[in-house]
Amino acid sequence: MSEWQDIVKNSYNPKVLLMLSGGKDSIAAMIKMVEFGIDVDAIHFWHEWSECIPFEEAKRLCEEYSVKLIKYNFSDAFKEAVNGYKNGRPCLLCKRRMYECLEAHLKDNDYGWLAIGDTASDETTIARMKKFDNPFGNTQLECSDYFGSEMGCKLPKGMHVLRPLIRLKSTMVEE
């Protein structure tokens with residue numbers, strides 16, 4: 001079986017969009033892709049109440065590694081999602097709206113892959129991935145078509161998902 005970087009490079013559309021939060025996992029995924037010569041852009045979602053540190057770190061590293069950074073303001077979608085919400089942290093509502101904005105962005109742009117910084121520590125994600133047919137083979141965790149479908153998320157037809165860190169535990173990524 002081919003390594004994930006060969007699968008991406010030899011695919012119909014090898015252009016990758018990375019969801020870049022500015023945290024260690026997504027930054028490590030970006031660096032790994034750049035080191036393997038993957039053509040990658042990054043998208044950073046923020047809203048009016050976001051901390052500025054993750055964006056500043058994402059911006060700094062994208063400049064250092066010559067990766068195009070798209071700063072996507074989803075304040076209005078976030079406000080809509082949490083308006084009147086009173087049941088604790090609105091993280092799942094926020095994530096769902098962010099994914100909806102991502103879907104809209106992907107429909108208007110030409111990417112063959114969406115990259116995510118999931119690691120081997122994300123056991124729930126791995127368990128969900130294994131329930132879906134994988135066109136790249138059931139043992140290929142890095143490349144798949146699984147992306148948040150339980151939340152109603154659908155990627156454009158023909159787009160695949162790349163998780164370059166999925167075989168590394170979070171502690172390994174930190175090192």
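Q: The side chain of glutamine 140 reaches the backbone nitrogen of which residue?
A: In this predicted model, local features need pLDDT of at least 70 and side-chain atom pairs count only at pLDDT 80 or more, while totals for chains, interfaces and linings use all residues. Residues are numbered from 1 along each chain as its sequence is written, and side-chain values use heavy atoms, with hydrogens and water left out. A polar contact is a pair of N or O atoms within 3.5 Å; within protein, one must be able to donate a hydrogen and the other to accept it, and residues adjacent in sequence count only if both atoms are side-chain atoms. At 3.1 Å, the side chain of glutamine 140 reaches the backbone nitrogen of glutamate 142.

Q: Is glutamine 140 buried or exposed?
A: Glutamine 140 is found in the loop between α6 (123-129) and β5 (143-144); helices (H or I, at least four residues) and strands (E, at least two) are DSSP runs, numbered from the N terminus. Buried means under 20% relative accessible area, exposed over 50%, and partly exposed in between (1.4 Å probe, protein chains only). With a relative accessibility of 3%, glutamine 140 therefore counts as buried.

Q: Within what arc do the buried residues of α4 fall?
A: The buried residues of helix α4 (residues 75-82) are Ser75, Ala77, Phe78 and Ala81. They line one face of the helix because, seen down its axis, they fall within a limited arc (taken from the directions from the helix axis to the C-beta atoms) of 165°.

Q: Which residues are exposed on the other side of α4?
A: An α-helix has 3.6 residues a turn, so residues three or four places apart point the same way. On the other side of α4, the exposed residues are Asp76 and Glu80.

Q: How many residues apart in sequence are the parts tied together by aspartate 39 and lysine 15?
A: A salt bridge, a side-chain nitrogen of Lys or Arg within 4 Å of a carboxyl oxygen of Asp or Glu, joins aspartate 39 to lysine 15, with the closest N and O atoms 3.0 Å apart. Aspartate 39 lies in the loop between α2 and β2 and lysine 15 in the loop between α1 and β1, so the sequence separation of the parts tied together is 24 residues.

Q: Which residue is linked with Lys15 and Asp39 in a network of salt bridges?
A: Lysine 15 is buried, at a relative accessible area of 18%, whereas aspartate 39 is partly exposed at 43%. The network of salt bridges links Lys15 and Asp39 with Asp41.

Q: How far apart are the closest N and O atoms of arginine 60 and glutamate 57?
A: Arginine 60 and glutamate 57 are 3 residues apart in helix α3, so about one helical turn separates them. Their relative accessible areas are 41% for arginine 60 and 28% for glutamate 57. In their salt bridge, the closest N and O atoms lie apart by 2.7 Å.
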